[in-house]
Amino acid sequence: MIAVNPDACEMVIPDGIFRLEDYTSSKARWCSGCGAHSILNAVKLLCKEEQLPPEKTVFVSGIGCSGRFPHYMKTYGFHGLHGRAFPVASGVKFRRPDLHVFVITGDGDCCSIGAGHWVHAIRYNMKMVALLFDNSIYGLTKKQTSPTSPMGTMTNTHPTGSVLPPINPIQSTLGLPNVSFVAQTVDWKPAHLQATIQKAYEHPGLAFVRIVQRCPVFMHDTYEPTVKDPDAITVLNHEKGIKLSEKELMKFRHVIEHDPADIVKAREVAELVKKTLPIGLFYQNKEAVRYDEYGAHNMGISIPDRMKAIDHLMDRYAV
Amino acid sequence: MSDTTQTLAKPTSSTTGVKEAIVEIVSDSGEGAQKCGQSLGKISARMGNGVWTVEIIPAEIQPPARSREGASGIRVRIGQEEITNMGDQAHLVVALNEQVLFGRIEQNAYKAGTYLLIDNKWAEHTSPDIRRGYLDAILRFKKLGYIIHEIPIEKECLKLVSDARRGKNMWVLGLLCYIYDRDMDLATEQVKSIFQKKTDEVIRKNLDLLNAGYQWAEQNLELHFPIPARQIDEEIVVMNGNEAISLGVMAAGMEVCSMYPITPATSATHGMAETIQSAGGIIHQAEDEIAAIGFAIGASYAGKTAVTITSGPGIALKTEFIGLASMAEIPLVIIDVQRGGPSTGLPTKVEQGDLLAVLYGTPGDAPKFILAPSTIEECFHYVILARKLAEAFRIPVFVLSDANLATGVQPFKRPKIKEEWFASELDQHPWDTDIRPYEWDEDTGISKRPIPGQKGGVYTLTGLAHDEGSRVAYDSSINQRAMEARSRKLATLKDTLKPPKIHGDPSGDLLLVGWGSTRGAIEEAVSRAREKGASVSCVQLHFLNPLEPGLKEIFQRFKQVMTVEINYSDTLGHPHITEENRRYAQLAWYLRAQTLVDIDCFSHVFGQPMSPFRILKMLEEKLDKKLID
C-alpha cells in the first residue's frame, strides 16, 4: 500500500490510499481519560487497515456519550435517537449492501431504552459491527443508574446504592435466537481491543462486541481496581478466537481455552463475570441466517420489469 | 312459519329501472357474504354502473354465531351514475340469520320500507329457543315497517350441495342478479374467476348455485328493480383504498415498506405482499412501530425513500422519529389509515381524529407535509405524489387515509403506470464539496442532500440543532435560521398550489368544508340540498399542511362556513358548553386559527362513515329548510 521512493528517501502515499487523518473529523469532546477515546482510535485504525472508503462507511449511533461518536469520524454518520441505532442501521443496510455499517450504542441505549431493538437486531443478523460502549452509568445525563451498573452502585437516582442486579449483556445476547458473534473486550487493552474489532469486522453477520469502558468521572472507583489488578481479567483463547501475539498474551495472568463454536460453554464462561472479567470471543457462527441477504435479494430489477409486475397485479382488480 | 308471499312490494317496471339501490348481505362470520357483495359490485362495475361497497366487520375473528354484535357482511351501493359513498339506509337486505339484523338496525342502517330477505331455516330449527327468537324477530321487524320476505335459502342450496354454509353466498348472488337485473354472462365470468384456482367440479357447483338463485327469484319473487347498464369505453379497476395505497407504493418505485401490524392499516401491506418483490421492493415487518419508522428512516437516509404505514396508536409511538425526520430533513412517506381514538379506541371504525396529532404532535416545531386523499383513486395517486414531494423538499410527508377509504371499494379508471413515477436511480456521483449538507436556499428553504456512497459528501446527520454543515450547534443562535429554513418549505409548496374547487355556487348562505374520505357524502348532500333550493356549497381540502391558498377569500363569500368531520367536537347546548369553551372539530379548530373566520363544525364519532342523510338533517336545522322527502 505505502511505497517508499528510494531516490527521494521519503514516503509516497499514492492517491486513493486512506490515512488515519482521512477518517478524522472534529476533535473528540469526551472527558479526558474516557474509554471512548481509545475505541475511536481503534476504529479509525480498523478503517485504515481495511482501507474502507469513507463515503462507503456509515456510523449509526443513539444518544448518550457514545452517541457523539459519528461526529468524530470523517465518514457518513447518523446520530439519531436514544435507543434506536439498531433499527436505523438496519434500514441503512437493507438495500445498501455496498455500505459498511457500524452501530455505536451505549449501555442505556442498548440495554434499556432500546432493549427491544437489541433483541431483534441480533435475530436479524445483518452484516454490521455493533459496538456496545458499556461504562455502566448514564454519563451525559450525569450519573444515573444504568441497567449494567453493579448492584449497590451509588448514583443520583439511587444515592444509597442501586437495588437490582445488573444485566449481563453477553449472557443476554448469547440467549437470543440466531445470534452469530459475541465478543467482549476492554478499552484499556489496546491490542485486544484492536484484534476484537478486527475480528468483528470480518464476521459475516451481526458482530456484537461489548466494550467495557472506563468512565473516570462517574465510575472511577468501579473500574480502577479492574484496570490495575492483573487478576481481574481472564482471556478466552482459541485458534478460532481473538488473535493476540504471544507477547500480548503473556501480559495476561489468566488465560483459558474456549472454543467459540460451543454456545453452551460460552454461556457458562459468560457467568465468570462474577469472579473475573472474561474477554475474548464467546461465540461465532458464520452460517446463521442473514436478513440483509433477504433484504438485498431482489435488487436491480429494471423499471420496465417492475412496471410489468405492478400491471399484472392491477389485472387482478380489472373488471 | 310465516307466509312468504304476504308482503310484496310493487316492483318497478323493468323498462324504466331504478336510479340506484343500496343492498346489504349480512350473516355470521365466515358465510361468504363479503365475497357475494364484492362480486355483485364487480359485475355492476363491469356493467358501467357506479359502485361503492363497504364491508361490515365484527370486532372478533369468530364472534358467537347468531349474535347481534356478530354481524358480518357487506353493503353495496349501485347506481346509474358515479357513486362516491356508502349512502343512507338500505333498499334491500339479504340476511342469513335474523339476529345479525338487530345490530344493523341499531346503527340506523334500514328504514321503513327496506326489504329484508331472511333465510327461513330458523323457523324450523330443532331448538325451541331459536325458533322463538326467529319468530319474535320477524314480528319486531314488521312493526318497524320493514318489508319481510322469508325465503328458503338453505333449503334450496341443499338441493345442490351437501354443506349449504359453503354455497349460500353464490345462490344469494344469483338472487340479487335477478332482482337488480345483472348481466348473467358477466356474473358467470365473475364466479369462474373467483374459483379459478379450484377444480372444474367446484366451479360447476358454484355456477349451479348462481343460476338456481336467479331462477328461484324469477319464479318466486316479485321484486325486480333493474339498474340500467351504462356504456363504458375505458378500462376500469375496482379496489379499496388500502389496495390502492399498496399499488401506489409500488408505482412510486419505493423499495422499502416498513410496518408493524395495526388495524385498519395492515391490509395495505397484504395487498402488495405477493407482488412487491417482483416490483423491486420489500416489506419489512419490524419489531415495533418505533423500529418500523426508524428502519424506514435509515433506508431513506441511505437514498431509498421509504414508506411506513400505520394508524393512530402507531403515529403516537413514531412521534419522536417523525421529529427527527423533520429536523434532519429526511424524505419519508408516512401513511396513517386513521381509526377511532384515543388509545385503542375503535380499531375497525372510521375517524378523522389524527389531523392535529400529525400536524402538531411533535415537540418543538417540526414542519411536515400532510395530504388527504378523498377517493380510492386518490389513495393511489397521492402516495406517488407524496414520495416526490418528500424527495424534492427533503421532508416527511403524511398521507391521511381512514378506515372508510381503507375498506370502501369503488371502480375507477385504470391507472397507466408511468416510468416517471418511479424513484430515480441512486445518485452516486461525487459530491461537490463546496455544497454543505444543509445549505438552505434563502428563498425556498430547500437544501441538497448527499447520499452515503457519494464521495466528498460525508456528513453526520444529527437530531441535535445543527448548522448548514450539519455541525452540532454549540452556538444555539443558528437554531433560529435553521427553523426558518425548514418552515419556509411549507410556504414554498403553498405558493405552487391552486385554491380548491368549489362544488356548487362560488358564494351563498353556507359553505361546508371537508377533508379526506367525507367528500362523497358531503358533495351528495350538497347536491341534494341544492335541488331543494338551498344555497349551500362545499369544498374538500386535499392539502392540510400547507393548506391550499385562497381559503379566507373563499370563506368570506359565504354567510356561514362549517366543517363536516368524523371526529369529536362539543355540541352547543350541552351542559356547560358555551361559545367560549366549546371544543371544535379538528379542521375547524385549525381553519379558525389560520383564517380568523368564525367557522362552525358538524362532527360525530359514532364510528360510522359520514352519510348524506346525516348531513342533510343537519342542514335542515342549520338552514331551517325542509330538505329530506
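**Sheets, helix packing and backbone geometry**

Val513(B) stands opposite Thr563(B), a residue of strand β20(B). The model is predicted: local features require pLDDT of at least 70, side-chain atom pairs count only at pLDDT 80 or more, and totals for chains, interfaces and linings use all residues. Residues are numbered from 1 along each chain as its sequence is written, chains are lettered from A and ligands numbered from 1 in the order in which they are written, and side-chain values use heavy atoms, with hydrogens and water left out.

Strand β17 (residues 508-515) of chain B pairs with strand β20 (residues 558-565) of chain B in the parallel sense, over five bridges. Strands are DSSP runs of E with at least two residues, helices are runs of H or I with at least four residues, and both are numbered from the N terminus. Two strands pair if DSSP finds at least two bridges between them. In general, strands of a sheet pair through backbone hydrogen bonds, either parallel or antiparallel.

β17(B) and β20(B) belong to an open sheet of five strands, in the order β16-β18-β17-β20-β21 (chain B) and with mixed pairing. The edges are held by β16 (502-503) and β21 (600-603) of chain B; each has a single partner strand, so one side of each is left without a neighbour in the sheet. Helix α16 (residues 519-531) of chain B packs on this sheet. It touches β16, β17, β18 (536-541) and β20 of chain B, where contact means heavy atoms within 4.5 Å. Its direction makes about 165° with that of β18(B). Angles run from 0 to 180 degrees between N-to-C directions, and axes are lines fitted to C-alpha atoms, for helices over the stretch in contact. Helix α19 (residues 612-623) of chain B lies across β17, β18, β20 and β21 of chain B. Its run makes about 150° with β17(B).

A second open sheet in chain B has seven strands. Their order is β9-β8-β10-β11-β13-β12-β19, and the pairing is mixed. Strands β9 (282-285) and β19 (543-545) of chain B are its edges, each pairing on one side only. Neighbouring strands of this sheet are turned by 25° against each other on average, direction ignored. Within it, strand β11 (residues 332-338) and strand β13 (residues 396-402) of chain B run parallel and are joined by seven bridges. Ile335(B) stands opposite Val399(B) in β13(B).

Chain B is assigned three domains: domain 1 (20-220), domain 2 (238-421) and domain 3 (502-623). These bounds come from an automatic or database domain assignment. The centres of domain 2 and domain 3 of chain B, taken over C-alpha atoms, are separated by 26 Å. Their contact takes 28 residues from domain 2 of chain B and 23 residues from domain 3 of chain B.

Two helix pairs were examined. In chain B, the axes of helix α8 (residues 241-251) and α13 (376-393) come within 7 Å and cross at roughly 25°. That makes α8(B) roughly parallel to α13(B). Angles under 35 degrees count as roughly parallel, over 145 as roughly antiparallel, 65 to 115 as roughly perpendicular and the rest as oblique. The crossing of α8(B) and α13(B) is right-handed. A crossing is right-handed if the near helix is turned clockwise from the far one by less than a right angle, and left-handed if anticlockwise. From α8(B), the residues in contact include Ala244(B), Ile245(B) and Leu247(B); from α13(B), they include Phe380(B), Val383(B) and Ile384(B). This contact has ten nonpolar, two polar and no charged residues. Ala, Val, Leu, Ile, Met, Phe, Trp, Tyr, Cys and Pro count as nonpolar, Asp, Glu, Lys and Arg as charged, and the others, Gly among them, as polar.

In chain A, helix α1 (residues 36-50) and helix α6 (residues 190-202) have axes that come within 10 Å and cross at roughly 50°. α1(A) and α6(A) are therefore oblique to each other. Their crossing is right-handed. Residues of α1(A) in the contact include Ile39(A), Val43(A) and Glu50(A), while those of α6(A) include Leu193(A), Ile197(A) and Tyr201(A). By class, the contact divides into eight nonpolar, three polar and two charged residues.

Most residues other than glycine have a negative phi, and most peptide bonds are trans. The bond from Thr263(B) to Pro264(B) is cis, with omega near 0°. Pro264(B) is found in the loop between β8 (256-259) and α9 (267-273) of chain B. Gly341(B) and Pro342(B) are also joined by a cis peptide bond, with omega about 0°. Pro342(B) lies in the loop between β11 and α12 (355-360) of chain B. Arg394(B), not a glycine, has a positive phi of about 55°. Arg394(B) sits in the loop between α13 and β13 of chain B. Lys142(A), not a glycine, has a positive phi of about 75°. Its loop lies between β7 (137-138) and β8 (144-145) of chain A.
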